[in-house]
Amino acid sequence: MDRDASLSWGRRVGFAAGDYACNLYWQSVSLFLLFFYTDAVGLPAATAGLIYMVASIWDGAIDPVIGAFADRTRTRFGRYRPYLLLGAVPLALTFCLLYYRPPFEGWGLAAWMLGGHMIFRSCYAMLSIPYTSLNARITRSSSERSTLAGLRMMFATLAGLTVALSTQPMAARFGAGDPARGYLAAAAVLALVATVIFPIVFLSTREPAEAAEQGPPMRMADYWRALRGNRAFWIVMAGIGSAVVCSTALGKSVLYYFKYYLHAEAAARTALSLGAASGLLIVPFWLVVTRFTGKRNAWLVATAWGLAGLAAFGIGEVRSPAVMIAFLLWMQIASLGLAMTFWSMLPDTVEYGEWVSGVRTESFVFGLGQFFLKVALGVGAGLFGLTLDLVGYRPNLEQSAETLEGMKTIMVAFPAAGLILGGVAMLFYPLRHGTHEAIVGELALRRPTVAEAG
């Protein structure tokens, strides 16, 4: 397979559909799990945030190891595709475990929820790291990767819309007054849908011949040495690691803000659904911006857009669900711009690292990339839970004026700091418009063909 050639639309869509399956899990965890811990399970906010943070850091810590292991996998189906089949059912089962509330209380309950979360994260990493690594394996074209990133974001948007629209109604219908049981039933339905999709992704993708890339297995130390001089990778990690605090602190505040600040809990589902649906328009917009301005400039535009929205929200007084929804839609534009640019940039750092070191480390780059992403998400969730506790939050009770004001401060301060730091980091990104194409051309001259290797 010629990785520099354009992929057919069937292969593009078939590959990108994997993001719908992955994001049924990921969006559920991002939007509802912390709220499930506090308002359905009954855990204190600080404990819930700590569980989320520890599990996220664990997830991130094993990602590079899984990436290195997957990189050394050799089968007749390729390096990464078999994991789509082998990991689908364990991932579905552990997702249901994530939303199971056992008949425990106190530390026993907290320990169970932490254990279930860590097992789910392990299974998620075993499937998602090989899947995302296919981005760099099925094509070397930077523009093709932008197209794939856009399609993946569209499917992620559809998954977010599915989760936002269906979770609370399913929980209410199947729970019969028991929120924990309702969330478990909703998780089982989402897991079933995701499990059906992964075999389709497996059949739709192809990996290139291995002959030109075979060699002795790399040790973990070799991966680190190859990545050490990859400046593009480290800058992308600094940028996303800082900026992701925006989506973490703000995203996890939505259900709490509507329930306790606006006293309009039902409107939260509308906000989440409209935010997810808006991606169907926002993602194509960012795809066009990226093609005309370059990925680095698109990141900076998204940063400025997000900071403008946070400034307006911080200065104003939002007491209407409609105005709050409008603000969240504004911030969704910035969030999706950063997300799409990140997933478009990360595969390009593979070639940059190969150009600098002479060694190609696809899956390890994606594994380590997700390590930083998930640690940032976990730390953001942990800080959110801790600060929510510090400002006096108590689940299912009327909150004081001081607590409500503290919640608003959290929603502005964390995201603003993350956006600013991420934007500063991106000023130093070395792959400007056209640079990656030149690097790919130089690598093609260095690399032996399959016939020569044979």
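**Notebook: helix ends, salt bridges and a surface patch**

I began at helix α7, where D178 caps the N-terminal end: one of its side-chain oxygens lies 3.2 Å from the backbone nitrogen of A180. The model is a predicted one. I then checked the span of α7, residues 179-204. At 1.5 Å a residue its 26 residues should span 38 Å, and the end C-alpha atoms are 38 Å apart, so the two agree.

Next I looked up the salt bridges. The count comes to 17. I went through three of these pairs in turn.

K259 pairs with D39, with the closest N and O atoms 2.6 Å apart. This pair links distant parts of the chain, since K259 is in helix α10 (residues 254-261) and D39 is in helix α1, 220 residues apart. K259 has 17% relative accessibility and D39 has a relative accessible area of 12%. Buried means under 20%, so K259 and D39 both count as buried.

R137 forms a salt bridge with E207, and here the closest N and O atoms are 3.1 Å apart. R137 lies in helix α5 (residues 106-138) and E207 in the loop between α7 and α8, so the pair ties together parts 70 residues apart in sequence. Both residues are buried.

D348 forms a salt bridge with K295, the closest N and O atoms being 2.5 Å apart. D348 lies in helix α13 (residues 321-357) and K295 in helix α12, so this pair ties together parts 53 residues apart in sequence. I noted that salt bridges with shared partners join R145, K295, D348, E351, E354 and R360 into one network.

I stayed with K295, which is found in helix α12, residues 295-315. K295 is buried, with a relative accessible area of 10%. Its side chain also makes a polar contact with the side chain of S344, at 2.9 Å. Leaving out residues up to four places away in sequence, K295 touches S142, S146, T290, T341, S344, M345 and D348.

I then turned to Q27 in helix α1, residues 9-41. Beyond its neighbours within four places in sequence, Q27 is in contact with F32, A156, A159, G160 and V163. I also took the C-alpha separation of Q27 and I282, which is 18 Å for two residues 255 apart along the chain.

I57, V379, L383, L386 and L390 make a nonpolar patch of about 410 Å². Helix α14 (residues 362-390) gives the largest share of this patch, 4 residues. L390 is found in α14 and is exposed, with a relative accessible area of 66%.

Key: Residues are numbered from 1 along each chain as its sequence is written. This is a predicted model: local features need pLDDT of at least 70, side-chain atom pairs count only at pLDDT 80 or more; totals for chains, interfaces and linings use all residues. Side-chain values use heavy atoms; hydrogens and water are left out. Helices (H or I, at least four residues) and strands (E, at least two) are DSSP runs, numbered from the N terminus. Contact means heavy atoms within 4.5 Å. Buried means under 20% relative accessible area, exposed over 50%, partly exposed in between (1.4 Å probe, protein chains only). A polar contact is a pair of N or O atoms within 3.5 Å; within protein, one must be able to donate a hydrogen and the other to accept it, and residues adjacent in sequence count only if both atoms are side-chain atoms. Patches are made of residues with over 30% relative accessible area and no salt bridge: like charges are joined within 9 Å, nonpolar side chains (Val, Leu, Ile, Met, Phe, Trp, Tyr) within 5 Å. Accessible areas come from the Shrake-Rupley method with a 1.4 Å probe; for residues, only the protein chains shown count as cover. A salt bridge is a side-chain nitrogen of Lys or Arg within 4 Å of a carboxyl oxygen of Asp or Glu. The expected span of a helix is 1.5 Å times one less than its number of residues.
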